[in-house]
Every structure is written in structure tokens, then in C-alpha cells.
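Here are my notes for someone opening this structure for the first time. Have it on screen while you read.

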Amino acid sequence: MFMRVDRLITDLPPPKKQDPNAAAALQELLGGKYGEMSTLGNYMFQSFNFRSKDKLRPFYSLVASITAEELAHVELVCNGVAMLNNGPDKPKGDMGTGGDISKTPFEAMTDIRLASAFLSNGGGATPVNANGVSWNNDFVTTTGNVIFDLLHNFHLECGARLHKLRVYETLSDPTGREVCGYLLVRGSVHAHSYALAIQKLTGVDIKQMLPTPNIELAKIPECQKYLDEGSHRRLYTWSPEDYQDISGIWSNDEVALPGDPPGPLEVVEGMPDGGKMQQLQGVPSAFTPDYAPEEFYEIAAKLYKASR
């Protein structure tokens, strides 16, 4: 079972401007071949289908616990996309009516790279890539063979690293860059964990292939604070009492990757503290949440008061 907490996995800075093309680039990290929907889909179905869980518990627990984090990564990218599509909040911008829509308030949206993000989704995110092509089941590998699946997961995380670096290089806004910086650090953790799991099973030190490509995280400013706090050395159980046996793979005298700040790997029970959930402002002229939402807000306020 999954438990949901009303926080993002990390804080995101507000965008400096409305930038739907940057949001489209970030969509690649959601619905692209190596995006967060792919990592989530692979690990989730591998954990659902895992055979001999009781006999291979540390390896099952590794895939299962990372699954929960990937759900949080999907949510993070979606919030980044929506924030970039919205732009900076305007004081009381979600109050009143949508105004005179015959003045084409969104004329500029006709020339953006991913117009459907506005036309169909009101600026929200969906599981598509930067060109609007849908994410699909063909990106999921779950063979039931433990070594093959772990090797595929290692490949997937290395591909995702390359993915994120390329997207990062196209962005200048702090919102999108923060998403990339955080995911680069956590993706490195997941690649490292799968490499260690393969080494435990086969004796092959696949860590020598890390990172791919060979760019140290410290070279990316948005990664630095996560390195300073030791996020590159932590793997979370995402459960109050289950999956703690991943310590047989992840800690157990293992240390950080060369090039990262040194220190022992550690398993943390539960989940990270995370950051505030973004309060994405409505845009009445885009009918989000409606053309004239005041009545909605009034009803919601009454219901909230009644719940206290």
C-alpha cells in the first residue's frame, strides 16, 4: 500500500517568468523514454511481480522502496511543469472573472512548442515527452529475472542522468534547474544502489562505470546543497517499519561514489522531510478553476470551516 503526504519531495523556487517552452523541455523528464514515468513504471511492476520475496528480501525491498520515491519524483516534475507554464503568481490573480476573452489573452500560446499543455491541460502536466508524444507501456521492463531487471534499472538510471543533463543545459529558469539538480542527485543514488545490488549477486564491480556521463555532481550548482546535506549517501525506506533490510545492500560499510563528498552510505527509515506543496494559482481567463471561481472559493471556505 502507499501513503500520501501533502508535501513535495523538495522545495522549488518560484519561476522568474512564464516560460512554456521550458515547461515543455521539463516534460521530457516526465514522459520521455528515460523519464520519471519510466522509472516509476519499471520499479513498480517489478516489485509487484517479484518472485521469492521472502528469500530475496533485500533485493525486493530495494526495488519496492525506490518505487515510492519515484512517485514523489513524478509529482515534483509535474509541479515544475505547471509552475513554468503559470509563471510568477500575481497578487489576487485568481480572483474575479476571466475578463473579455475576445481580446485573445493567450495569443502567444499558439506559437509555443507544446501548445496542447495549455489547450488541453490548462498548463498542467501529463505523461508525454517534450513533443507531446505519450509515454507508453513499451518503456516498462519486468522480466522476473532478478539480475536482468537490476541491470536494466541501472541502465535506466544512467540514461536518465544523461537525459537530465541535456534538459538542464536548455534551461535558465531556477524552477526547472532545481528540478534537474535534485533529480540528478537522487538518480545517482538509485544508479549506485542498483550497481551495488548487482555486485552483491555477481561480484562484478559495475560502480566503475558510474557516473554516466562522467560529470561530477559538484559541477552543477543546483546539486550542491543536496550534496552538502548528504542526500547522495541516503536511501529511504518510505515506510515506518518495512524495507529496512535494504541496509544489507546500501550501507554495510559501503561509501559514497568517488568525486562526491565522502562518507558512509546510510538507510533512513521513513521519508525525507520534503518541501512545501506548491499552491498553483488559478487563471480565470483560462477557466482554471473556472471563469468566475468566487463561488467555488466561498463554498470551499465554508466546508473547510465545518471540518475544523
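This is a predicted model: local features need pLDDT of at least 70, side-chain atom pairs count only at pLDDT 80 or more; totals for chains, interfaces and linings use all residues.

1. Start with helix H1, which covers residues 20-31. Its 12 residues reach 16 Å from the first C-alpha to the last, close to the 16 Å expected at 1.5 Å a residue. Buried or exposed? Of the 12 residues of H1, 11 are buried, so the helix is largely enclosed by the rest of the structure. Among the buried ones are Pro20, Leu26, Gln27, Glu28 and Gly31; the run Ala22, Ala23, Ala24 and Ala25 is buried as well. If you want to see what covers them, look for helices H2 (36-49), H3 (57-86), H5 (146-170) and H6 (174-202), which are included in that cover.

2. Now the aromatic rings. How many aromatic pairs does a search of the whole structure find? The count is nine. One of them joins Phe106 and Phe118, with 4.6 Å centre to centre and 45° between the planes, a tilted arrangement. This pair links distant parts of the chain: Phe106 belongs to the loop between H3 and helix H4 (116-119), while Phe118 is in H4 itself, 12 residues apart. Phe106 has 23% relative accessibility and so counts as partly exposed, whereas Phe118, at 18%, counts as buried.

3. Next come Tyr236 and Trp238. Their ring centres are 6.5 Å apart and their planes meet at 70°, so this pair is edge-to-face. Both Tyr236 and Trp238 are buried.

4. Tyr60 deserves a click of its own. Together with Phe50 and Tyr243, Tyr60 makes up one aromatic cluster. The charged end of Lys53 also sits over the Tyr60 ring, 5.3 Å from its centre. You can find another such arrangement at Tyr168, where Arg177 lies over the face of the ring at 4.0 Å from the ring centre.

5. On to the largest pocket, which holds about 810 Å³ of space. Which residues lie nearest its centre? They are Phe2, Met3, Ala68, Leu71 and Trp238, out of 29 lining residues. Trp238 is thus one of the nearest to the pocket centre as well as a partner in the edge-to-face pair with Tyr236. H2 and H3 each supply at least two residues of the pocket lining, and H3 has the largest share, with eight.

6. The largest cavity has about 100 Å³ of space. Its lining includes Gln46, Asn49, Phe50, Arg51, Val63 and Val146. Phe50, then, lines this cavity and also belongs to the aromatic cluster with Tyr60 and Tyr243. H2 and H5 each give at least two residues to the lining of the largest cavity, and H5 gives the most, with four.

7. Last, Pro284. Where is it found? Pro284 is in the loop between strand E2 (266-268) and helix H9 (294-307). At 4% relative accessibility, Pro284 counts as buried. Leaving out residues up to four places away in sequence, Pro284 touches Gly93, Asp94, Met95, Gly96, Thr97 and Gly98, along with Asp290, Tyr291 and Pro293. To get a sense of distance, compare Pro284 with Val146: they are 138 residues apart along the chain, and their C-alpha atoms are separated by 51 Å.

Definitions and conventions
Residues are numbered from 1 along each chain as its sequence is written. Side-chain values use heavy atoms; hydrogens and water are left out. The expected span of a helix is 1.5 Å times one less than its number of residues. Buried means under 20% relative accessible area, exposed over 50%, partly exposed in between (1.4 Å probe, protein chains only). Contact means heavy atoms within 4.5 Å. Rings of Phe, Tyr and Trp (its six-membered ring) pair if their centres lie within 6.5 Å; planes under 30 degrees apart count as stacked, over 60 as edge-to-face and the rest as tilted. A charge sits over a ring if NZ of Lys or CZ of Arg is within 6 Å of the ring centre and within 35 degrees of the ring normal. On a 1 Å grid over the protein atoms alone, a cavity is a set of points where a 1.4 Å probe fits but cannot get out, and a pocket is an open set with protein on both sides within 12 Å along at least five of seven lines; lining residues have an atom within 4 Å of a point. Grid points are joined across faces, edges and corners, and a volume is the space filled by probe spheres set on the points.
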